[in-house]
Amino acid sequence: MVLLCYSTGRMFLKRTRSGPYCYIQLVEAYRDGGKPRQRVLATLGREDELDKERLRRLGRQLLALAEEEPADEAGPEVEVGASREVGRLWVLQQLWGELELDRILDSKLRGRQFEFDVPTVLKAIVFGRVIEPSSERALVREWLRRVRWPGFGSIRLHHTYRALAALADIQRGLERALTQVLTGKLFADVTLTLFDTTSIYFEGRGPQELAAYGYSPTRPDRVQVRLGLLTSREGLPLSHWVFPGNQADPDSFAKASQAFRSQLPVAEFTVVADRGMVSDANLVRLEQMGIPYIVGVRLRWQAARQALASPGRYRQVRPNLFVKEIHREAGRRVLVCFNPEAAEEDRRQREAMVARLEQALAQGPSAWRQYLKGPARRYLVTQGSRPQLDWARIRDDARYDGKWVLWTTSRLSSEEVAVAYKGLLEVEESFRALKTPLEIRPVYHWSEPGVRGHIASAVLALLLARLIEQRLQRAGMPQRARTALAQLADIDEVQFDLGRRKLVRTSRLTPDQRRLLEALRVVPPAPVRVV
């Protein structure tokens, strides 16, 4: 039960039971090597013998701080609540408000009957996914019991399931409205959009309509769904699609592309996609729809080999990024890009793989058999009963180090095309964010609406995280959203019940915390406020 907070730590009163008696102690909370610790500063005495006038004086002093009334000799008895974290929730709430999500959710859910506040439940789910990713069951039974925020205390497990199903129903309308806010209020650039896919596996059987064995490289033994994510140039998620786990990337891209034009609030935009999305049918469909594209070409396709062999001088357009435009064919411009830093990394990885293969071949079949499956197999050729290194393939692969070939029908300059395609790395980074700090998994849901709502909540959490990272980047403080939020985790508040009114006291902010909030454009909580 926190009373006052100082920069040297947080002091609070603690009830300690010993036999039949309860003692009141003044305790200081601090961190030692990153771990929370407590030390007893003083024992004030047995609770049943404590002079309550001392608590009254404390309450009057707090009222004086709040400038609500003078610290006279009369005053109410003080009931002190438990200390709860507020810092991270405070930041997420302000971003949630900027995105107008309460208004949008109320609008899209209008006319539906619920016995609980769906926007508040969805807010709790999304905030929890940003701060402490878990299943909905763990969210309700663990995380929500440790935080205090208006409306969170009454949330039950069945509320989360119903709220996620409702979110799945309104996903398209929600994303369309959010895109309007992002472009009109937060100035997101949607004239160039990035699309990529990933697989998400289930902890259980999953819904029959979606779950299937598919393309996950880490858990091919689990049923999966396929997620397609569309982002802005800055990496802000604009929309997503959930496909059956056995659907190939070109099929996913073809279906998602049909929704691009109706969803994005601009007259013309360019879509950027990775090599795995490319198929002739996809490109023809985009051309028929009048949507310009930038796509990577698989390096071992004949068209890519011809482009790499074409003469021409590279032009540097960014640090570690060079580009040359080769020619046009069938209305498409062909570009070759080169990244010296990536080339060095490709060379290092290939040489390390070859060294492992040489060592395994020298040790005998028990060592080299493990390499007959996986990416290293491409460097082996079998002669008789024993594999050997394929030096011709190894030398050929060196030609592709740090290079990629692009096709585009856009009117962007060569520099803009190369930089736009490099932006796909941000989308891939977004997928890593979904899988690690925001963690779409664990996915336990067995119904299709539950799965779709669960993924939609993770995408909303990703949007909040990317806004945080974008603002920190612009302020010269680049770091992950979770890293930044962790620095605000020890901003606490405690509530004092003074009879007819209640006060909330927030812990004193450190200089680093103030700088962080300023970079995020978040107004800090008041030191003392009446509630």
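Let's start with Asn320, which sits in the loop between β12 (315-318) and β13 (321-329). Helices (H or I, at least four residues) and strands (E, at least two) are DSSP runs here, numbered from the N terminus. Asn320 is not a glycine, yet its phi is positive, about 65°.

You'll find Arg521 in the loop between α17 (511-519) and β20 (528-530). Arg521 is exposed, with a relative accessible area of 51%.

A quick note on what you're looking at: this is a predicted model, where local features need pLDDT of at least 70 and side-chain atom pairs count only at pLDDT 80 or more, while totals for chains, interfaces and linings use all residues. Residues are numbered from 1 along each chain as its sequence is written, and side-chain values use heavy atoms, with hydrogens and water left out.

## The nonpolar cores

A nonpolar core is a set of buried Ala, Val, Leu, Ile, Met, Phe, Trp, Tyr and Cys residues joined through side-chain atoms within 4.5 Å. The largest one has 72 residues, and those with the most contacts inside it are Val91, Leu99, Leu144, Phe152, Leu464 and Ile468. The largest share of this core, eleven residues, comes from α6. Another core lies apart from it, with 19 residues, including Val271, Tyr293, Ala304 and Leu308.

Which residues does Ile468 touch, leaving out those up to four places away in sequence? They are Val91, Leu92, Leu95, Ala481, Leu485 and Leu520, with contact meaning heavy atoms within 4.5 Å.

Now for the gaps. On a 1 Å grid over the protein atoms alone, a cavity is a set of points where a 1.4 Å probe fits but cannot get out, and lining residues have an atom within 4 Å of a point.

Of the 14 residues lining the largest cavity, Glu175, Leu178, Leu238, Val459 and Leu460 are the closest to its centre. α6 (157-184), β9 (237-244) and α15 (448-474) each supply at least two lining residues, and α6 gives the largest share, seven residues.

Notes. 1 Å grid on protein atoms, 1.4 Å probe; cavity = no way out; pocket = protein on both sides within 12 Å on 5 of 7 lines; lining within 4 Å. Buried < 20%, exposed > 50% of the residue type's maximum accessible area, 1.4 Å probe, protein only.
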